[in-house]
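Me: I'm new to reading protein models, and I'd like to understand where the labels come from. Could you go through this one with me?

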Amino acid sequence: MPQTPSDPRVQLITKPGCHLCDDARAVVQSVTAELGLTWEDVDAGSVPELLETYAEEIPVLLVDGVQRDFWRIEPKRLTRLLSA
């Protein structure tokens, strides 16, 4: 599904072998699919600046470039953020 200019840009910053990242991916995938939105999984290991900035908080949820959550992503909160 193509993203429209008015859709929020949803990015999840993750790293390999992170069990919290697996949980967060499942939540983001479910909520964005329900709302008809796309999202991007960004491997912090491939972007040194991200790993340096968010090392202790991964997984990190960004919506339109703004950090909205980290560690555990709550489905209801994410739905509210993306529906606003």
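Me: Which residues is Pro 59 in contact with, leaving aside its neighbours within four places in sequence?

Reply: Pro 59 is in contact with Leu 12, Ile 13, Cys 18, Leu 20, Cys 21, Ala 24, Asp 69, Phe 70 and Trp 71. Contact means heavy atoms within 4.5 Å. A word on the ground rules: this is a predicted model, where local features need pLDDT of at least 70, side-chain atom pairs count only at pLDDT 80 or more, and totals for chains, interfaces and linings use all residues. Residues are numbered from 1 along each chain as its sequence is written, and side-chain values use heavy atoms, with hydrogens and water left out.

Me: Why is Pro 59 called buried?

Reply: Buried means under 20% relative accessible area (exposed is over 50%, partly exposed in between, with a 1.4 Å probe and protein chains only). Pro 59 has a relative accessible area of 0%, so Pro 59 counts as buried. Its place is in the loop between α2 and β3.

Me: What makes Thr 14 buried?

Reply: The relative accessible area of Thr 14 is 2%, and therefore Thr 14 is buried. Thr 14 is found in strand β1, residues 10–14. Not counting residues up to four places away in sequence, Thr 14 touches Cys 21, Arg 25, Asp 41, Val 42, Asp 43, Ala 44 and Ile 58.

Me: How do you know what counts as a helix or a strand?

Reply: Both are DSSP runs, numbered from the N terminus: helices are H or I with at least four residues, and strands are E with at least two. The chain has 3 helices and 4 strands, in the pattern β-α-β-α-β-β-α along the sequence.

Me: What makes a disulfide here, and which residues does it join?

Reply: A disulfide is a pair of cysteine sulfur atoms within 2.5 Å. Cys 18 and Cys 21 are joined, with S to S at 2.5 Å. The structure holds 1 disulfide. With 80° about the S-S bond, this link of Cys 18 and Cys 21 is right-handed, and both cysteines are buried.

Me: What makes up the largest nonpolar core?

Reply: A nonpolar core is a set of buried Ala, Val, Leu, Ile, Met, Phe, Trp, Tyr and Cys residues joined through side-chain atoms within 4.5 Å. The largest one has 12 residues, among them Val 10, Leu 12, Ala 24, Leu 61 and Leu 82. At least two residues each come from β1, α1 (19–35), β3 (60–63) and α3 (75–83). The largest share, 4 residues, is supplied by α1. A second, separate core has 11 residues, including Leu 20, Cys 21, Ala 44 and Leu 50.

Me: Why does the radius of gyration agree with a compact globule?

Reply: The radius is taken over C-alpha atoms, and the globule rule is 2.2 Å times the number of residues to the power 0.38. With 84 residues, that rule gives a value near 12 Å, and the chain has 12 Å, so the two agree. Buried residues make up 36% of the 84 residues.

Me: How do you know how confident the prediction is?

Reply: pLDDT is the predictor's confidence in each residue, from 0 to 100. The chain has a mean pLDDT of 93, and 94% of its residues reach 70 or more. Confidence is lowest in helix α2 (residues 48–54), at a mean of 91, and highest in β3, at 98.
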